[in-house]
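Colleague: I am new to this structure and would like to go through the terms used for it. Please show it to me first.

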Amino acid sequence: MGIERKTSGLIFRAVLGCSLIYFLLIVFALVYYNLHLISDDLRHSITIQAYLEKSVQNADVQKIESEMWRIPGVSEVRFINKEEALSVLKEAFGEKVFEGLKSNPLPASFEIKLDRNHLGWENIHRAAEYIKRISGVKEVDYGGDLLKKIDKIVRVGTLVGVVLLALISLAVVAVVINASQLLYYKDSFKLGIMEMLGATDFYLSGPLIIKGALIGGVSSIIAIILSIGSFMGLGKSISDVEFLPPQILILLVVWGVIWGAFGGYSGFRSGKRSGFHIESKHD
Amino acid sequence: MIKLDKIKFSYRKGKPLFDYLTFEVPKGEFTIISGSSRSGKTTLLNLMQFKILPDDGVVSVAGFSSDNINRKKLTSFRRKTGFIFQDFRLIDEMTVFDNVALALKVRENYNSQQKKAVYKVLADIGIDYLMHSVPAELSGGEKQKVAIARALVGKPLLLMADEPTGSLDIQAGREIVELLKRINIGGTTIVLASHNAELFADNRFIIYNISDGGLKRVVRNGH
């Protein structure tokens with residue numbers, strides 16, 4: 001009874017430790033995921049505006065357009081003539097603002113969009129630089145600085161995420177190894193007898209691998225429930241924040257089970273190395 | 001069945017416990033290794049069980065050799081050999097039946113046929129009435145009989161026993177010796193370490209005395 005209570009206490013503490021670690025991982029994943037969503041939104045809204053020289057004739061417009069389609073990743077090229085540009089402005093600021101104008105000062109332009117796979121800063125920057133060199137193009141605008149900053153934030157976030165994931169996996173494995181070792185020592189007499197009777201390592205380590213997998217799996221589920229509860233509890237104050245999609249949550253549980261099982265097996269190995277043998281003391 | 005060929009073994013640097021020891025146990029024999037405390041009886045049994053390996057020389061037991069023993073072979077060896085200890089090494093929270101059945105369960109293909117084998121060995125040894133008891137409810141002699149049943153249930157070629165009567169009273173010790181004798185008559189080779197050679201007065205037993213790292217056969221009057 002006493003030993004059973006000690007075992008359940010040990011497993012409970014391991015689950016608690018791993019749950020807190022996973023909770024921290026989920027909080028970070030939530031921040032990173034939303035940062036990614038924001039950056040994706042921004043990237044999708046980004047277009048390259050190529051303003052043309054006033055001297056460009058209609059025949060040249062065709063040439064410029066076909067030149068633009070040669071850029072890798074271009075998904076849309078739309079010509080905006082001077083009149084359309086002015087009407088867009090009028091729509092935005094009202095007719096009155098433009099009443100005194102004798103002629104249309106706005107240049108004709110092209111609006112260029114890249115496909116999903118080419119929305120990074122480097123691709124857009126490269127495309128913009130190419131467009132700048134096309135004869136007849138006077139100026140190119142694409143919000144490059146903003147895009148560069150977003151890309152940098154996402155890259156740093158990814159790097160931090162990878163490091164954090166590695167550290168958290170290590171922490172989970174360490175907690176599970178520790179718990180498995182203690183479970184192993186508790187059962188070392190029994191395991192020693194089984195080994196003496198011809199049990200394989202696979203047979204002996206099975207229960208610890210299962211316990212490790214359960215600790216990892218249950219901890220991740222608890223952390224998910226805890227984070228969903230906290231997310232719902234915060235309610236309106238974070239209404240713009242999106243929760244992690246189910247696929248990522250399932251992945252987290254699978255991750256927990258795999259690392260937990262690995263921890264269980266490692267606990268068995270290190271427990272065995274430090275010796276559970278029930279050596280005879282008499283001679 | 002067992003051959004120790006020019007065995008050299010020491011726990012630490014310095015004087016070896018065994019210095020080129022050669023020793024053989026033929027199949028079907030009941031060999032007693034007797035000697036005082038710390039003479040090396042258990043070390044010799046540990047060498048025969050491949051728990052420890054010699055510094056030099058070769059230990060060959062039941063077709064397995066210290067030259068090429070590995071984890072997989074060791075498991076296979078343990079399934080072909082039975083071990084009995086002074087402290088019984090029974091699992092307290094298991095019944096007598098489960099303690100004996102454990103020897104077959106760890107082989108991962110426990111079935112109804114093997115369950116019958118457990119009943120049979122308990123009946124053969126005469127402890128089937130104890131099958132639902134737990135070790136705490138048994139006397140020392142009964143515990144050792146359970147340990148013997150567990151060692152025998154897998155039908156081993158060889159039984160090794162380390163001081164099996166060491167923690168029993170004289171009467172229980174004699175009962176265990178008689179039981180082991182019966183098992184040996186059935187064809188199982190037995191090697192037993194004991195500090196108490198008096199229990200093995202019968203001519204059936206081949207007794208060796210271990211001292212100063214050497215084994216000397218004890219020759220009895222009329223034998």
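Colleague: What makes helix 7 and helix 8 of chain A a pair in contact?

Modeller: Contact means heavy atoms within 4.5 Å. In this predicted model, residues of helix 7 of chain A, including Asp201(A), Leu208(A), Gly212(A), Gly216(A) and Ile224(A), meet residues of helix 8 of chain A, among them Leu249(A), Gly256(A), Gly260(A), Gly264(A) and Lys272(A). The residues of this contact divide into 13 nonpolar, eight polar and three charged, with Gly counted as polar.

Colleague: How do the axes of helix 7 and helix 8 of chain A cross, and what is the hand of the crossing?

Modeller: Two packed helices are described by the angle and the distance between their axes. Here helix 7 (residues 201–234) and helix 8 (residues 246–273) of chain A have axes that come within 6 Å and cross at roughly 145 degrees. The crossing is right-handed.

Colleague: How do you know that strand 1 and strand 3 of chain A pair?

Modeller: Pairing needs at least two bridges. Strand 1 (residues 48–52) and strand 3 of chain A are joined by four, and they run antiparallel. One of the partners in strand 3 is Phe110(A), which is bridged to Ala50(A). Strand 2 (residues 74–80) of chain A also pairs with strand 3 of chain A in the antiparallel sense, over six bridges, and Glu76(A) stands opposite Lys113(A).

Colleague: What makes strand 3 of chain A mostly covered?

Modeller: A residue is buried under 20% relative accessible area. Five of the six residues in strand 3 (residues 109–114) of chain A are buried, so the strand counts as mostly covered.

Colleague: Why are the buried residues of helix 2 of chain B said to line one face?

Modeller: The buried residues of helix 2 (residues 71–80) of chain B are Leu74(B), Thr75(B), Phe77(B) and Arg78(B). Seen down the helix axis, they fall within an arc of 160 degrees, so they line one face of helix 2. Their cover includes helix 6 (188–196) of chain A, as well as helix 1 (41–48) and strand 4 (56–61) of chain B.

Colleague: Which strands of the open sheet in chain B are called edge strands?

Modeller: The sheet has six strands in the order 6-7-8-3-9-10, with mixed pairing. Strand 6 and strand 10 (214–217) of chain B each pair on one side only, and these are the edge strands. The twist averages 20 degrees from one strand to the next. Within the sheet, strand 3 (residues 30–34) and strand 9 (residues 205–211) of chain B pair in the parallel sense over five bridges, and Thr31(B) stands opposite Ile206(B).

Terms used:
Residues numbered from 1 in each chain as written. Chains lettered and ligands numbered in written order. Predicted model: local features only at pLDDT ≥ 70, side-chain atom pairs only at ≥ 80, totals over all residues. Heavy atoms only, no water. Buried < 20%, exposed > 50% of the residue type's maximum accessible area, 1.4 Å probe, protein only. Helix = DSSP H or I, 4+ residues; strand = E, 2+ residues; numbered from the N terminus. Axes fitted to C-alpha atoms, helices over the stretch in contact; angles between N-to-C directions. Left-handed = near helix turned anticlockwise from the far one by under 90°. Arc of directions from axis to C-beta.
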